[in-house]
Amino acid sequence: MKYHIREQESYFQKVGDEVYRRNKVYRSVRDKRTGNEIGNDLIAENNAKVLHDHELINAPIRVDQDE
């Protein structure tokens, strides 16, 4: 078996005065002989508050719909 870890659906989101980094982490399992993917599992869903200066974020920041 061969395992790969990858991030998907990664973005920053502003909620009120706070910014959060959100993403999902998946583990893909492949058969080394055939190359066929035999599993793709969500192993973590992150929702982390950004504690550093928001001016240092070089990616777009989504704005919460309630704002």
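Predicted model: local features only at pLDDT ≥ 70, side-chain atom pairs only at ≥ 80, totals over all residues.
Q: What is the strand order of the open sheet, and which strands stand at its edges?
A: The open sheet has 4 strands in the order E3-E2-E1-E4, with mixed pairing. Strand E3 (37–49) and strand E4 (61–63) each have a single partner strand, so one side of each is left without a neighbour in the sheet. Neighbouring strands are turned by 30 degrees against each other on average, direction ignored.

Q: How should I read the salt bridges, and how many does the structure hold?
A: Side chains of opposite charge can pair when their charged atoms come close. The structure holds 5 salt bridges, among them the one between lysine 24 and glutamate 9, whose closest N and O atoms are 3.4 Å apart. Lysine 24 lies in strand E2 (residues 18–30) and glutamate 9 in strand E1, so this pair ties together parts that are 15 residues apart in sequence.

Q: Which residue forms a salt bridge with glutamate 18?
A: The partner of glutamate 18 is lysine 49, with the closest N and O atoms 3.6 Å apart; because glutamate 18 lies in strand E2 and lysine 49 in strand E3, the pair ties together parts that are 31 residues apart in sequence.

Q: Is aspartate 31 buried or exposed?
A: Aspartate 31 is buried, at a relative accessible area of 15%, whereas arginine 33, its salt-bridge partner at 3.7 Å, N to O, is exposed at 77%.

Key:
Residues numbered from 1 in each chain as written. Heavy atoms only, no water. Pairing = 2+ DSSP bridges. Helix = DSSP H or I, 4+ residues; strand = E, 2+ residues; numbered from the N terminus. Axes fitted to C-alpha atoms, helices over the stretch in contact; angles between N-to-C directions. Salt bridge = Lys/Arg side-chain N within 4 Å of Asp/Glu carboxyl O. Buried < 20%, exposed > 50% of the residue type's maximum accessible area, 1.4 Å probe, protein only.
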